[in-house]
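Subject: Structure for you to look at

Hello,

Here is the structure I promised to pass on. Please open it alongside this note; what I found follows below.

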Amino acid sequence: MARRGPKKQDGKREAGGRLSRKPIEKQARDASKIAAEEWEAMNTALMARLRVHNVPMDKLRDQMAGSFIGRLCLCGEITHQQFDAAQAYLADRRDYHMAIDAPKQMGAVDLNAVHGRNHHENVKRSQQSVQKFNAAEAAIRNAQTSLGNMGNLYAAVSLCIINDGELRHMVGDVRLVLNALARHYGLDSRRAA
């Protein structure tokens with residue numbers, strides 16, 4: 001016959017069988033409970049990274065494993081300079097979209113968000129953001145022109161970097177566009193230094 005009542009909780013006990021009420025032992029018990037709950041919540045995502053994306057076990061918790069470009073960097077298919085170039089391009093793109101007041105990407109809706117535009121924006125900063133993004137686009141355009149019909153760098157940027165699609169057949173084009181962006185941002189000279 002099964003035991004009735006709630007499941008017995010783990011932890012140190014007093015002489016009478018009651019869970020210890022000492023603050024140190026209570027904190028240790030609470031910390032281990034929180035750690036177990038966090039692991040249970042993260043376990044599904046971490047195991048999906050392992051199963052679907054073949055991320056090494058020691059790098060499952062790394063933030064870079066959350067994007068296609070990051071996983072390429074973790075596996076050694078692209079360099080850290082190329083990864084930094086992708087991050088700089090995405091930051092410039094975000095600033096550009098804020099400067100031109102582009103509509104937001106589809107996503108979750110925040111019902112408590114304040115809608116409207118900041119009318120006290122910095123015009124000079126907006127102009128600089130537009131110029132920086134146009135210069136990055138010019139670097140991509142120059143790299144595409146030098147390749148001719150041998151690759152499609154715009155598709156690599158759009159699908160693999162911006163939309164984070166895992167398209168393994170475009171890794172070569174991703175490398176080429178990231179090399180061009182690394183030269184544009186001056187990240188290739190940092191490697192030589």
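Contact here means heavy atoms within 4.5 Å. Please keep in mind that this is a predicted model.

Arg175

Start with Arg175, which is found in helix α6. Set aside its neighbours within four places in sequence, and Arg175 is in contact with Glu77, Ile78 and Gln82. Take Glu77 from that list. Arg175 and Glu77 are 98 residues apart in sequence, yet their C-alpha atoms are 8.6 Å apart in space. Is Arg175 exposed or partly exposed? Its relative accessibility is 33%, so Arg175 counts as partly exposed; the class runs between 20% and 50%.

Helix α4

Next, α4, residues 123-147.

At the start of α4, look at Asn122. A side-chain oxygen of Asn122 comes to within 3.2 Å of the backbone nitrogen of Lys124. After the helix comes Gly148, with a positive phi near 75 degrees.

Which residues of α4 are buried? They are Ser126, Ser129, Phe133, Ala136, Glu137, Ala139, Ile140, Ala143 and Gln144. Note that Glu137 and Gln144 are on that list. The cover over these buried residues includes α3 (80-99), α5 (153-162) and α6 (171-185). Arg175, described above, is found in α6.

Aromatic rings

The model has two aromatic pairs. One of them is Tyr96 with Phe133. This pair is stacked, at 4.4 Å centre to centre and 20 degrees between the planes. Tyr96 lies in helix α3 and Phe133 in helix α4, so the pair ties together parts that are 37 residues apart in sequence. Both Tyr96 and Phe133 are buried. Tyr89 belongs here too: ring pairs link Tyr89, Tyr96 and Phe133 into a cluster.

Helix α1

Last, α1, residues 23-53. Its 31 residues should span 45 Å at 1.5 Å a residue. The end C-alpha atoms are 43 Å apart, which agrees. Where does α1 bend? The bend is at Asn43, by about 40 degrees. Asn54 follows α1, and its phi is positive, near 55 degrees.

Best wishes

Technical notes
Residues are numbered from 1 along each chain as its sequence is written. This is a predicted model: local features need pLDDT of at least 70, side-chain atom pairs count only at pLDDT 80 or more; totals for chains, interfaces and linings use all residues. Side-chain values use heavy atoms; hydrogens and water are left out. Helices (H or I, at least four residues) and strands (E, at least two) are DSSP runs, numbered from the N terminus. The expected span of a helix is 1.5 Å times one less than its number of residues. Buried means under 20% relative accessible area, exposed over 50%, partly exposed in between (1.4 Å probe, protein chains only). A polar contact is a pair of N or O atoms within 3.5 Å; within protein, one must be able to donate a hydrogen and the other to accept it, and residues adjacent in sequence count only if both atoms are side-chain atoms. The bend at a residue is the angle between axes fitted to the seven residues ending there and the seven starting there. Rings of Phe, Tyr and Trp (its six-membered ring) pair if their centres lie within 6.5 Å; planes under 30 degrees apart count as stacked, over 60 as edge-to-face and the rest as tilted.
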